[in-house]
Amino acid sequence: MLTDRHLLVCGGFDGNVALNDAHVLDLRTQSWLPVSSEFLQRGRAGHSAVALPRLGNAGAMLSSSSSVAAARDFVVFGGGDNEGLFFNSVFKLRADEILGRVI
């Protein structure tokens, strides 16, 4: 969850190729919003992601609301291209940066 109303879906497999697209589902309007997804440089399926709270300078968790991106980082690991290549890469995404890429 990016915020309490936005869900991120990225990558996957369409039956033919691994995808490098990303979309945000707005849970209130039930509409999909495409995201400019340079962060998925290659098509990726079977990967894992976990949301982590972002800590402020004093170690306190930053606050969030439905209208502002949650104070979260996402760590994405692994996956593959479904053609025999497996990834061991790890990268971090920020929820506010992802929402800033909504097209």
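Two strands count as paired if DSSP finds at least two bridges between them. Strands are DSSP E runs of at least two residues, numbered from the N terminus. This is a predicted model, in which local features need pLDDT of at least 70, side-chain atom pairs count only at pLDDT 80 or more, and totals for chains, interfaces and linings use all residues. Residues are numbered from 1 along each chain as its sequence is written, and side-chain values use heavy atoms, with hydrogens and water left out.

**Stop 1**

Now pick strand 5, residues 72–77. Five bridges join strand 5 to strand 6, and the two run antiparallel. For a landmark, click Val 76: Phe 91 in strand 6 stands opposite.

**Stop 2**

Go to strand 2, residues 22–26. Four of its five residues are buried (buried is under 20% relative accessible area, exposed over 50%, partly exposed in between, with a 1.4 Å probe and protein chains only).

Val 9 stands opposite His 23 in strand 2.

The hairpin of strands 2 and 3 has four residues between the strands. Select Gln 30 in this hairpin: its phi is positive, near 55 degrees.

**Stop 1: Arg 5**

Step back to the segment before strand 1, where Arg 5 is found. Arg 5 is buried, at 18% relative accessible area. Show its side chain with that of Asp 26: a polar contact of 2.4 Å joins them. A polar contact is a pair of N or O atoms within 3.5 Å; within protein, one must be able to donate a hydrogen and the other to accept it, and residues adjacent in sequence count only if both atoms are side-chain atoms.

**Stop 2: Pro 34**

Finish in strand 3, at Pro 34. Pro 34 is partly exposed, with a relative accessible area of 35%. Leaving aside neighbours within four places in sequence, Pro 34 is in contact (heavy atoms within 4.5 Å) with Ala 22, His 23, Arg 101, Val 102 and Ile 103. Draw a distance to Leu 8, 26 residues apart from Pro 34 along the chain: their C-alpha atoms are separated by 10.0 Å.
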